[in-house]
Amino acid sequence: MSRTVSSWILSSARNGIVLQGRGRLYSICIPNRNKTKWKLVFSKKQLYPAGSSRLDNVFSLKAFRHTSTEEEHFSFQLSPSQINDILRAGELSHKILTFNGKNANSVLRFESNQLASNTPIEDRRSAATCLQTKGMMFGVFDGHGGSACAQAVSDRLLHYIAVSLMSRQTLEELELAVECMKPVLPILQWHKHPNDVEYREITSQYFENLRVYWQHLLDLDTELGFSLEEAMICAFKRLDSDISLEVQAPQENELMRNVALQVAFSGATACVAHIDGVHLHVANTGDCRAVLGVHEEDGTWSTLPLTRDHNAVDEFEIRRLKREHPGSEEKTLFVNDRLLGILMPSRAFGDVQLKWSKELQHSVLENSCDVGDLNIYQYVPPNYHTPPYLTAEPEVTYHKLRSKDKFLVIASDGLWEMLSNEKVVKLVAGHLSELNVQKPQLAFEKPVNLGYMHSLLLQRKNKGIASLDQNIATHLIRHAIGSNEYGEVDQEKLAAMLTLPEDLARMYRDDITVTVVYFNSETIENYYRNN
């Protein structure tokens, strides 16, 4: 079934707004139950008289759902403060601690946020400081067919990378501590949002499989270890292999069996950045994206993409897959700009239905009694002859940071579908400038009273200064879903996009997850000065 839907029109007293449907993503479609049709009418209401001190207007969205049997009416109202509450609910920020007034880390701070379209949200994010090795890691994970795979990858992948980077001595110490049942030194210091999902019941099983991985690394009997690029590639591939093996292994624990099924039969793309001093590595599998914001010497801003979208319309990916499969499948590999007519991304974790043989899929699902209850996506596409068609192997990009490299934006494709690389960098750069301008600098040539200061504050509020998003990720999400054709945020459109009914929202916007990492230019300059 096609995802393409017709435009819907929001009518207001001021003007008409037309929003185009998203039109594509994954082929796991939202069914059009009972031939449902939607009509949405939007209006802006001034609830308080002109000149009132009350500044909030209320934006109202009414939805009329027509089915073959009935008509349902829905009405939604959002004030600007309610809009802010929704947009800012997932905000996360962390500033790197300084010692003696100095920060030796090349990361100054990071800010993150996410906005759901799916219920529950299928995106995940991770941020952590490496404790047994050097550096910080930031990841964005875009799930499909459910959130289970993205959840597992966000919980586990950074551990696999950190273990891959450990020296042989550290791995031996780790193994000895486990054998002697002594406390194991933490591998990562996580930077999490209070509402980030965590499944403690399966943590022990995940740890056991991580241990098997570091035992494998010890068996390699190499003193040199991996380069960072090799470590990231090995970690991605090993985790995906573990996801596949875990669902095939006998499980007495019903929870573990069900989780393993959901993880393996859903999928997730991933983009992870590892930053150690001036050394930036980005590993990407799928269609999340990482973009660097560069402040040039002439004062302009430029964009440096660090990833390539792995999807069914990328020429490189098309050629790669055609090389890996017989010529007889050339016309069936990609159908309607999707891999086998199923999936837009051409690389992903999980999705074993595009990696396993038909016989293995049948065997695993036949022995799983809860498949229907777990919403496992069971579908073997036509022309499924030579699996695997999908890989989790990432492309790794290395970039040596310069003082003019100011920030890194990592985001799921929900952001990039709405905003170009250049627009994102422009918005972050503009936000930085506005924040610098708006630092409190109150200087008066003569004594002033409280009334005068109150008047100044009201002027600032009326100009919108007081309502500026402090979190840059929120600022980007606000523009992604609320910008009009002139690139300005339209409050009516923003309210409409936030109040779309659940089964309609997915057609017009995807889950959006954004992490922005700001670099410490002084630390980077000192590196070059000292070297």
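Glutamate 296 and lysine 404 form a salt bridge, with 3.2 Å between the closest N and O atoms; the term stands for a side-chain nitrogen of Lys or Arg within 4 Å of a carboxyl oxygen of Asp or Glu. The pair links distant parts of the chain, 108 residues apart: glutamate 296 is in the loop between strand E13 (289–295) and strand E14 (301–305), and lysine 404 is in the loop between strand E18 (395–400) and strand E19 (405–411). Helices (H or I, at least four residues) and strands (E, at least two) are DSSP runs, numbered from the N terminus. Glutamate 296 is partly exposed at 24% relative accessible area, and lysine 404 is partly exposed at 27%. Buried means under 20% relative accessible area, exposed over 50%, and partly exposed in between (1.4 Å probe, protein chains only).

The model is predicted: local features need pLDDT of at least 70, side-chain atom pairs count only at pLDDT 80 or more, and totals for chains, interfaces and linings use all residues. Residues are numbered from 1 along each chain as its sequence is written, and side-chain values use heavy atoms, with hydrogens and water left out.

The whole structure holds 21 salt bridges. One of them joins the side chains of arginine 211 and glutamate 175, at 2.8 Å from N to O.

Arginine 308 is partly exposed, at 22%, while aspartate 314 is buried, at 16%. Through shared partners, salt bridges join Arg308, Asp314, Glu317, Arg320, Glu324, Arg347 and Glu395 into one network. At the start of H7, a side-chain oxygen of aspartate 314 also comes within 3.2 Å of the backbone nitrogen of phenylalanine 316.

Which residues of H7 (residues 315–324) are buried? They are Glu317, Ile318, Arg320 and Leu321. These residues cover an arc of only 165 degrees around the axis, which puts them on the same side of H7; the arc is that of the directions from the helix axis to the C-beta atoms. Glu315 and Arg323, on the other side of H7, are exposed. Strand E15 (334–335) and strand E16 (338–339) are among what covers the buried residues, where contact means heavy atoms within 4.5 Å.

Turning to the rings, there are 9 aromatic pairs in the whole structure. Rings of Phe, Tyr and Trp (its six-membered ring) pair if their centres lie within 6.5 Å; planes under 30 degrees apart count as stacked, over 60 as edge-to-face and the rest as tilted. The rings of phenylalanine 236 and phenylalanine 349 have centres 5.5 Å apart and planes at 40 degrees, so this pair is tilted. Phenylalanine 236 belongs to helix H5 (residues 228–248) and phenylalanine 349 to strand E17 (residues 349–350), 113 residues apart. Phenylalanine 265 and tryptophan 356 form an edge-to-face pair, 5.7 Å centre to centre with 90 degrees between the planes, and both residues are buried.

Notes
Polar contact = N/O pair within 3.5 Å; in protein donor to acceptor, adjacent residues only side chain to side chain.
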